[in-house]
Amino acid sequence: MSRTIPKRSMQSGVTAQGEPMVWLSGGMFAIACLMIISLLALVLWQGLSTLWPRNYLLYTRPDGALVAGEMYGRTKENGTTKLYMRSGNYDVSNQHFLYADEADLASASPWKPNTLWTVERKEWGNLYGFPKQLSWSDSPSDKFSDEVHAAMKESRSLDQKIALEKEQLKRIDHAISEARLAIRKVELNEKSDLQGDIDEAVAARFQAAEQNSSNWTPTRTISDRAKNAILRFADVSYKADAEMASINEQISQLEAKRAERTVLFELPIADPIGNLELGWDQVLEGKLGSWDAFKELVGPLSIDGETNNNPPTIQVHRISDEQVAWQTLGNGKLPRNFLLRKASPGSCEVFSMREHSVILADIVRFFPPNQLNTFQRLGVYFARWWEFLLGEPREAGIEGGFFPAIWGTVVMTLIMSLAVMPFGVLAALYMREYAKPGPLLSAIRISINNLAGVPSIVYGVFGLSFFCYMVGGYIDGGPAKAGFEPWPSATWFSALGLLAVVGIIAFSVALLAGQMGIHATNRRRWLRNASALLWLATLAGIALLLIKTPHFHGFYQAQLPNPTFGKGCLLWAACTLALLTLPVVIVATEEALAAVPNSLREGSYACGAGQWQTIHRIVLPYARPGIITGFILAMARGAGEVAPMMLVGAIPLATELPLDTEFPFIHGSRSFMHLGFQIYSLGFQSQNSEAAKPMVFTATLLLLTIVTLLNQTAIWLRARLRKRFQSSQF
Amino acid sequence: MNRLKAIADGQTVESVIHEEVLAKDVVLSVKNFNLFYGRKQALHNISMPIAKGMVTALVGPSGCGKSTLLRSVNRMNDLIDSVRIEGDMLLNGESIFSPGVDVIQLRKRMGMVFQKPNPFPMSIFENVVYPLRIDGERDKTVLMQVCEHALRGAALWDEVKDRLHETGLGLSGGQQQRLCIARAIASDPEVLLLDEPCSALDPIATSKIEDLIDKLRGEYSILIVTHNMQQASRISDHTAFMYLGRLVEMAETSTIFTRPQLRETEDYITGRFG
């Protein structure tokens, strides 16, 4: 019997080495890298460059109209170059940004005046203009900067005074609503309507005026509590009335004082004022020709209104062959800016700049953009970042700081972590250490894995309907407000008795099952199952009794119909996110527990340790790095989540922080600002998305940084802790 | 060979236990012990005495049930859901498997060392005093005394006394295994169960462990599972030969290795089979 063995091929073909696969997989890898790098580069560049102060350039159209703005960039589209500029002066021009076609401009060389200021204001966004006159001083133009700086310090203290007064108003308001709430509580308790009595009492108190208390007696019999509450309310109302009047008076005085100091600017908006008989050559040299004619045309050039007899020195800036800018400067003179356009060989058309005054106290920051050197620019840049990170938003979030959004995100994420951690870890612990593996457990595990993939908006809808409307409504106004029909009292109490019996049985059965020891015998496993079922029934019973109770009317019934917890707020947002990240925590914890070597558990059992001792002395410490990693990943996911936030409590502009120095410090029922939501609302919901675009990128950069930092912490922590548990075997 | 063939065919075969073994003081006695994994029977009607203060070795080919028998002594098999047993074992006359027995109490009376060293991820000190820690002992001086005693007992004290509070995972494999032995003897067990304690160690570490077992002889009653015939002959007083879940022959080690009663045992010992 002979077998023929086929001769093996001695050549290695292309399939053996798989050269094409190297290229294919390498190519895919390169594409992936490219996508990541370009995403990062885009966000980094846009985010980092937004706050950089740029040069302000003035272009003109052939007809003399100015096209001016802070240069943000130029783009080429279909062969034409477009300039993208921040024009500012929103209160006058109604736009923040403009696109200009370079072909429409009179010349490609712009005017770059050194005297122009960028002024960041509390309202209306940036102003760009030439400072002309200070309302409180006769300083010459080269002292403007120092004068304004000094005056800003004073006006800041004025603003603080106004804020203090407004705080007072708020406090009084609060006292009145507290007093009103007290009456409402009595009304609810006694099921009465006291409005008539309130009106009488208040009227009586106002009549009694200075006698410090009124001798009002109710016209009908009402309880002492009601009477006291009403008297208190009347008293508070009376005192508040006088106090508020004086505070309002104070405020209006302060506001008036605040509005006293203004800075007059010439905005880069050219208005034609007439023609000047002047040869173009003279214009180019800055020669006035007839001083009287010029005076008549342009108006006063000095502070006292008297037109000086000495013609001013004129600085000439050539814009194009036919257009020229004139600047007049000098001591005791009003700095003025004009635009001159050649009309005919012997005359030219003169444009003056439109005047606009700004309340000094509205100025946040100012600087002459075109004469800053790199270090000064860096100074402005970092000052802006400082404000961005720690300041309040201005101009509906388009300008100023993101601090409330950052703070809101951080506080919400922390509360979420506190909520998700015990649930996730305990659930995973049960599934991995206690539950008997079987089809039921597998089904539950698969379901949890699938939950991690549910679109987050679904959680948002659930959070809104369950947490906000049901749980929140229940807290506010009891079962009726949450949409449940309460049982009659007798039924409810009999149900309570039944539940108590079931609970006791559940407890005893659990004790009995527990005594047999988890692994003691297989025979009476039904006892364990029965105990589990009874516990479930007890829990369900407690829930049922809670939602059917006729004896609970909510903690905030007096405030209704204004919801306290029955709306989107910090607490429900945190709960919703906790639910959303629960699968992440469970899966990570389970994996960490599964990675604990069984030999450790056996070793512990062999030492006579019980199951819980083994878990908390051996298993949990060993699994801790994995658990913490999952936890931080969950936090990162939660911090970046936006869709559910839109439904359960994030708002574009919140006046109060969710965590502050006011008792009780954490305000679970407040709405809050959230970074991710801020990106969405600024970019797509605000009146002025175009103006908000740069800010959107900066906020994106910030969010990315936070999430990356969290992830990096997770990785670092895992590496560090893992080192501790690494065995140097053999 | 016919006896082993009979076992393989599923017939019941009487175990041969020599008189001199039966004559000794008994710390643990196995009584008609059967163990099932689900439907499959892993141990068949095993009866054997484990002598007090001596080293008893269990030998036999892989899968013969040595480890299962050993793990039954401290009821580690309870951790497996499908396990069912019949018969009983007596530890110093007290039943191990009767329904009222508290498994945790039971395990506290024995120590066990596994194939692979399994020190806990904590300091050397904490590793050794772990059995006392779970009993709630907090007295530092007591813990320190026990730790030193156990480490000296495990011949590890001199090597680690200066780094008691460093992690136990930093030790070498042989040291780790001796640490596990220290942990097992820290609570002064009535019987010490060693499940192939040297199978994952190099020859030098193995010889140290063997010296240690030799040293522990007399003070502790030791039941050891081993694959290594030389090891069994070197360290044990009694040897039991098991095959396919049955005890074939048990005698003093010198007897088993020189003039066993059964031809089959001799064949296995001398390597002619298995």
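**Close-ups of aromatic rings in a predicted model**

F130(A) is buried, with a relative accessible area of 2% (buried means under 20%, exposed over 50%, partly exposed in between, using a 1.4 Å probe and protein chains only). This is a predicted model, where local features need pLDDT of at least 70, side-chain atom pairs count only at pLDDT 80 or more, and totals for chains, interfaces and linings use all residues. Residues are numbered from 1 along each chain as written, chains are lettered from A and ligands numbered from 1 in the order written, and side-chain values use heavy atoms, without hydrogens and water.

**View 1. Two stacked rings.** Over all chains, the structure holds 33 aromatic pairs (Phe, Tyr or six-membered Trp rings with centres within 6.5 Å; planes under 30 degrees apart are stacked, over 60 edge-to-face, the rest tilted). Among them is the stacked pair of W111(A) and F130(A), with 5.6 Å centre to centre and 20 degrees between the planes. W111(A) is also buried, at 2% relative accessible area.

**View 2. An edge-to-face pair.** Here the ring centres of F552(A) and F555(A) lie 5.1 Å apart, and their planes meet at 70 degrees, so the pair is edge-to-face. F552(A) counts as buried, at 19% relative accessibility, while F555(A) counts as exposed, at 59%.

**View 3. A ring cluster.** Look for W52(A), Y381(A), F382(A), W385(A), F388(A) and F402(A), which ring pairs link into a cluster.

**View 4. Charges over rings.** R54(A) lies over the face of Y72(A), 4.0 Å from the ring centre (the cut-offs are Lys NZ or Arg CZ within 6 Å of the ring centre and within 35 degrees of the ring normal). In chain B, R84(B) lies over the face of F36(B), at 4.4 Å from the ring centre.
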